Amino acid sequence: MVILKELGTPIKIVWCPGCGNFGILSAFKSALVDLGLERKQVVMVSGIGCHGKIVDYVNINGFHGIHGRVLPLATGIKLANSELTVVGFAGDADCYDEGWDHFCHAARRNVDITLIVHNNMVLGLTTGQTTSTSQPGFKTKSTPFGSISPPLNPIANAIVSHATFVARGFAGDPKHLQNLIVQAIKHRGFSYIDVFQPCVTFNYLNTYEWFRKRIYKLEDEGHDYTDKWKALEKSLEWGDRIPVGIFYKEERPTYLDQLPHLKAPLTKISIGNVDITEIMENMA
Ligand SMILES: Cc1ncc(C[n+]2csc(CCOP(=O)(O)OP(=O)(O)O)c2C)c(N)n1
Ligand code: SF4
Ligand SMILES: [Mg+2]
C-alpha cells in the first residue's frame, strides 16, 4: 500500500501559485492512499495544457499524451492490461473542445476507467483564450468583446451519453474532491468528475470566491443519484446555486465484461506460438 510521501517527485512544480491544479493534485494523491493501492497498479494519462503536467508530479506510471486524446489513450491502456487502474486527467479545452467526440463514446462504452477534467473554463497554457465552458460575456484574447455562445454542459452530456458515474468537484475543497475520486476509482465502469479548477492567472471571472458563493453539496440536500431524471434536472442548475457531488451512478456491465476474450490482460497472453499464416494468406 502506498503512503503519501512516496507519491511526491523531485520535479519542480511550475503551476502559478494558487492555481486550482494544486487542489486536484493533493486530492488525487490522498485518494490513492485511501484506496490502499500499490504504485505499480495505477497509471495516469494526461492531455496537453497546464493540467497535463500533473503526471510529472505523482510518482506512479504516467503517459503525457497529446491534446484531446486522453480518453483514447486511457481506453487503450485498460484494454491492453485490464489489471491496471487507469485515471485520465484532461483540461476543459482538451476534453470538451478538441477531444469532445471521444467523451460521449467513452461514456457509452463504459470502459472501467476514471476521467478527471480540470475545468478552469479557459485555455491556460496558451495564455488565456475562451473554451466551450467559458461563461457568456467572458472576455479573452480570442473573444475580446465577450464570449457569444452558450457554454457546453458536460455533466448533462455525460448523463445522456450513458455514463455510469457522473460527478462534479471543486479544487478549493480538496477533502470533498478526494472522497469523490475514491468513489470514482472504486466504481466499475466509466467514472467521470468535472472539477472546477480556478485559473488564478487567466480566469478573472470564475475565481475561488465566485465558486464558494454558489456551490452547494448534492449529498447535503438528499439528492438520489440513482434517479436519472433528477440527475439531469440537477445538471441544468446554474447561476446563484451550483451543485457539486455525485449527480448520477448506476451499475452496468463494463465494456470488458462483454468481451470475455479480452478480459485476461493482453500483456499476459503469449503470442510466441500463434500461427498467423492463414490470416496473412487471406489478406494477400
Ligand atoms: C493537437 C494540438 N492542438 C492544439 C494544441 C495547442 N494547445 C496547447 S495547450 C492547449 C489548450 C490547453 O487548454 P486546456 O485543455 O483547457 O488546459 P489548461 O491549460 O487550461 O490546463 C492547446 C490548444 C496542441 N498542443 N496540440
Ligand atoms: S495559467 Fe492558470 S491553469 Fe495554468 S498554472 Fe497558471 S493558474 Fe494554473
Ligand atoms: Mg483549461
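Predicted model: local features only at pLDDT ≥ 70, side-chain atom pairs only at ≥ 80, totals over all residues.
How many nonpolar, polar and charged residues does the shell around ligand 2 have?

Residues are numbered from 1 along each chain as its sequence is written, chains are lettered from A and ligands numbered from 1 in the order in which they are written, and side-chain values use heavy atoms, with hydrogens and water left out.

Entry on ligand 2. I found seven nonpolar, three polar and no charged residues in the shell. I listed W15, C16, C19, C50, N120, Q197, C199, V200, T201 and F202 around ligand 2, a residue being near if one of its heavy atoms lies within 4 Å.

Entry on the magnesium ion. I looked up ligand 3 and found D92 (OD), N120 (OD1) and V122 (O) coordinating the ion at 2.0 to 2.2 Å, where donors are N, O and S atoms within 2.8 Å of the metal (3.2 Å for Na, K and Ca), and the site may look incomplete because water is not among the atoms. D92 belongs to helix α3 (residues 92-98) and V122 to the loop between β4 (114-119) and α5 (154-160), so this pair ties together parts 30 residues apart in sequence.

Entry on two helices. I saw that the axes of α1 (residues 21-35) and α6 (residues 174-186) come within 8 Å and cross at roughly 50°. The crossing of α1 and α6 is right-handed.

Key
Axes fitted to C-alpha atoms, helices over the stretch in contact; angles between N-to-C directions. Helix = DSSP H or I, 4+ residues; strand = E, 2+ residues; numbered from the N terminus. Left-handed = near helix turned anticlockwise from the far one by under 90°. Nonpolar A, V, L, I, M, F, W, Y, C, P; charged D, E, K, R; others polar.
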